[in-house]
Amino acid sequence: MKYGIAFKLGVLLAVVGVVAAGMSGFYAYQASRDILLKSARQELLTSTRVLARRITLSREEISRNLQVLATHPAALQALRAADAGPAADQAADQMATLFAQLMRANPSYFQLRLIAASDYGLERVRVDSAQSGLLRVSGDALQEKGHFEYVADTLKLDTGETYLSRVSINHELGPNAGQEQPTLQLAMPVRAEGADKALGLIVVNIDLKGMFALLQADLPTGYQVFLVNGEGDILIHPDASKTFGFDRGQRALIQDEMPQTAEVVSGKVNAAVFETAGKDADYPPRVAAFIGQPIKVRSNESRMVLGVAQPLADVLSRSQPLAQQLLQIVSLLCLLCLFLAVGLARAITRPINAVSAAAQRFAEGQPSGPLPLARKDEIGSLARSFARMQAQITEQLADLLHKQEALEHLAQHDMLTGLPNRRLLEERLDAAIANARRHGGGISVLFIDLDRFKQLNDRYGHDAGDAVLKIIAGRLQGMMREVDTVARLGGDEFVVLLDTQTGEEHVLGIADKLLNGLTAPISYQGQELSLGASIGIGRYPQDGQTRIEIMAKADKAMYEAKVVGQGGVRFYSGAQ
Ligand SMILES: Nc1nc2c(ncn2[C@@H]2O[C@H](COP(=O)(O)OP(=O)(O)OP(=O)(O)O)[C@@H](O)[C@H]2O)c(=O)[nH]1
């Protein structure tokens with residue numbers, strides 16, 4: 001199958017349009033995707049900072065609560081050994097009531113204790129959050145805690161200073177809540193005003209998971225929170241099985257899971273925002289922001305790293321409507337391109353086709369039809385060139401035809417007199433014989449030879465001879481009908497062909513008329529010239545059946561006429 005220029009041009013334009021539209025759509029989508037990612041990274045970083053700030057505020061609030069408890073007169077009274085007895089017990093009851101009130105107000109406090117510096121760190125007041133509600137532990141159930149690091153460390157603090165423990169798993173047995181849950185302790189010394197030594201300490205155990213659950217509730221859905229310590233040990237993770245690996249003897253470090261966090265964990269940089277590669281359906285690609293937070297209170301932990309992540313699919317899901325819209329726009333654009341390409345291709349090729357059709361019609365010899373001559377573009381220029389070429393070819397063809405006709409005329413006529421020459425005479429004679437043969441007609445050939453023409457030539461010159469020949473030719477034609485052929489064979493020989501059945505008398509009459517006409521004086525340059533002529537007549541069918549025979553007979557008759565005496569007319573011998 002052959003494809004026209006319109007089809008090819010249309011396809012080319014359509015392809016260019018579709019590719020351009022497709023690429024624009026693709027890059028627009030890419031750009032929007034990049035913007036989404038950038039804004040998601042920024043949002044995550046902001047969320048992480050807000051979360052860190054809220055954790056600090058929570059810690060400060062706990063410190064304030066501890067301070068209220070540590071400076072409460074009942075706390076001192078409950079710890080003074082000298083006051084042991086009903087007064088101390090009353091103070092302890094008061095503290096227990098305060099503890100319970102505070103724990104009700106703060107569900108993430110799952111244990112509040114007043115511990116004495118004396119008696120090996122014996123717990124004086126202790127309220128636990130149990131499954132059944134708040135539970136005051138008393139009597140023999142109170143334990144000695146002096147061997148714990150936090151007790152010794154807190155007792156060394158100044159009044160109002162807070163101690164913060166490392167995050168650990170609560171392995172304490174009993175009816176209390178928060179067992180096997182991540183916990184951290186905040187403590188504050190209890191000291192009489194102006195005293196050097198602390199009499200004891202207030203300790204609160206915080207349910208870290210509960211606290212984070214509260215904090216996380218304010219974050220957009222799908223956000224995942226991470227908390228790691230200064231070494232990178234994972235403490236809070238969306239996958240709980242990864243937390244507190246060190247507690248099970250298998251450390252799980254965040255920098256192993258997300259190498260991009262290594263510098264935040266080491267403290268080299270404060271923040272890192274990055275995308276993680278996905279591993280499987282349970283671990284999809286994520287966008288994450290991690291920040292390092294120095295711990296400003298007394299603690300055996302120096303640093304805390306907090307992270308917030310969001311599955312990449314959630315981020316990009318916002319680009320789906322845009323992608324669909326872009327797809328619709330691109331599809332529409334492609335369709336538009338197709339229509340435009342077809343229209344444009346047609347608009348361009350229509351005038352080209354018109355010129356092509358005109359050329360074809362012209363080649364077939366038909367009128368070329370209308371051309372887009374008025375156009376100002378290349379097609380108009382092509383049409384005008386074609387029109388010019390067409391005019392030139394037409395003109396040259398006409399000229400050629402004219403020359404051909406002239407040549408043909410020349411080939412059949414005598415140059416000097418313009419009379420039919422021997423060739424044309426022979427053709428006409430052949431035709432006349434054939435016609436006469438078919439219809440039973442007759443033909444007479446009058447062979448005329450001028451007498452003494454040589455003398456005239458010699459005496460007056462060749463030009464005079466030519467002029468005489470022309471006059472003779474004119475006279476002969478003038479005396480004959482148009483249908484009769486008057487030819488010049490050459491020199492001073494002429495032939496008149498009568499192709500109608502004519503009687504002898506009539507032929508003789510014509511011959512005489514011709515003789516009279518020829519012999520009439522000719523005036524040439526003021527001189528009177530006179531000539532004679534001899535006429536021999538050959539006839540069909542009497543003298544022969546072919547042109548050659550009849551011509552030969554007429555020639556012979558003319559010769560006989562000359563022999564007998566110039567100026568005579570003679571039928572072929574025996575025919576008289
Ligand atoms: N001026 C001129 N002379 C020609 C032309 N063609 C032939 N002749 C001359 O015509 C003459 C014809 O010769 P002839 O028929 O023997 O001469 P003639 O004097 O007529 O002889 P007769 O027929 O016996 O009387 C020659 O002298 C040719 O040179 C021509 O085209 N122009």
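This is a predicted model: local features need pLDDT of at least 70, side-chain atom pairs count only at pLDDT 80 or more; totals for chains, interfaces and linings use all residues.
Let's start with the ligand. It is surrounded by 15 residues, and the closest are Asp451, Phe453, Lys454, Gly465 and Gly491.

How do α12 and α13 pack? Their axes are 6 Å apart, at an angle of about 135 degrees, which makes α12 oblique to α13. On the α12 side, the contact is made by Phe453, Leu456, Asn457 and Tyr460, and on the α13 side by His462, Ala464, Gly465 and Val468. By class, that contact has 5 nonpolar and 3 polar residues, with no charged ones. Notice that Phe453 and Gly465 belong to this contact and are also among the residues closest to the ligand.

Now for the backbone. Most residues other than glycine have a negative phi, and most peptide bonds are trans. Where do we find a cis peptide bond? It joins Tyr540 and Pro541, with omega about 5 degrees, and Pro541 sits in the loop between β19 (532-540) and α15 (547-564).

Then there are Asp119, with a positive phi of about 55 degrees, and Tyr120, with a positive phi of about 60 degrees. Asp119 is in the loop between β1 (109-116) and β2 (123-130), and Tyr120 is in the loop between β1 and β2 too. Asp119 has 14 C-beta neighbours inside 10 Å, so it counts as partly exposed; Tyr120 has 13, so Tyr120 counts as partly exposed.

Note on methods:
Residues are numbered from 1 along each chain as its sequence is written. A residue is near a molecule or strand if its C-beta atom, placed from the backbone, lies within 6 Å of it. Axes are lines fitted to C-alpha atoms, for helices over the stretch in contact, and angles run from 0 to 180 degrees between N-to-C directions. Helices (H or I, at least four residues) and strands (E, at least two) are DSSP runs, numbered from the N terminus. Angles under 35 degrees count as roughly parallel, over 145 as roughly antiparallel, 65 to 115 as roughly perpendicular and the rest as oblique. Two residues are in contact if their C-beta atoms, placed from the backbone, lie within 7 Å. Ala, Val, Leu, Ile, Met, Phe, Trp, Tyr, Cys and Pro count as nonpolar, Asp, Glu, Lys and Arg as charged, and the others, Gly among them, as polar. A residue is buried if 20 or more other C-beta atoms lie within 10 Å of its own, exposed if 12 or fewer, and partly exposed in between; C-beta atoms are placed from the backbone.
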